Amino acid sequence: MIESLPPCPECRSTYTYEGETLLNCPECGHEWPLTGPVEGRTEVRDSVGNLLADGDTVTVIKDLKLKGSSGVIKVGTKVRSIRLVDGDHDIDCRIPGIGAIGLKSQFVKKVAD
Ligand SMILES: [Zn+2]
């Protein structure tokens, strides 16, 4: 992660380090807010290798059994406004009729809105 931080905008130092909410430059003392996605963040890709991003719409590519219930998320179910998270289930989303749920990116496919 460290080596993927952007260089200092003031002096172009590449020794940038990450503070709690700011990026810090040890060479000129400049501090600036961390904006946008940090490069090097784990990429989340769908079943066919499309890069996924927060807010994307995906469809489920196979029936997925719901843990602890008899429910199933049917193949073809459209899921809007996904949110990427860290972990085994790397997609956070809300499915109508089911509620908030975590999905695995390998079982979805990105669709154009
Ligand atoms: Zn600097």
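1. Is Cys-25 buried or exposed? Cys-25 is buried, at a relative accessible area of 3% (buried is under 20%, exposed over 50%, partly exposed in between, with a 1.4 Å probe and protein chains only). Cys-28, on the other hand, counts as partly exposed at 41%.

2. Ground rules before going on. This is a predicted model, where local features need pLDDT of at least 70 and side-chain atom pairs count only at pLDDT 80 or more, while totals for chains, interfaces and linings use all residues. Residues are numbered from 1 along each chain as its sequence is written, and side-chain values use heavy atoms, with hydrogens and water left out.

3. Now the metal. The zinc ion has Cys-8, Cys-11, Cys-25 and Cys-28 as its protein donors, each through SG, lying 2.3 Å from it. Donors here are N, O and S atoms within 2.8 Å of the metal (3.2 Å for Na, K and Ca); water is not among the atoms, so sites may look incomplete. Along the chain the donors are spaced C-x2-C-x13-C-x2-C.

4. The geometry of the zinc site is tetrahedral, the angles among its four donor atoms being 105 to 114 degrees (four donors pass as tetrahedral if all angles lie between 85 and 135 degrees). For reference, the ideal angle for four tetrahedral donors is 109.5 degrees.

5. On the fold: the chain has zero helices and eleven strands, with strands being DSSP runs of E of at least two residues, and helices runs of H or I of at least four, numbered from the N terminus. The radius of gyration is 19 Å, well over the 13 Å from the globule rule for 113 residues, so the chain is more spread out than a compact globule. That radius is taken over C-alpha atoms, and the rule is 2.2 Å times the number of residues to the power 0.38. Along the principal axes, the C-alpha atoms fill a box of roughly 60 × 25 × 20 Å. Of the 113 residues, 30% count as buried.

6. Arg-12, in the segment before β1 (17-18), has a positive phi near 65 degrees without being a glycine. Arg-12 counts as exposed, at 55% relative accessibility. Ser-81, also not a glycine, has a positive phi of about 50 degrees. Ser-81 sits in the loop between β7 (78-79) and β8 (83-84) and counts as exposed at 53%.

How values were computed: Tetrahedral: all angles 85-135°; square planar, octahedral: opposite > 155°, others 65-115°.
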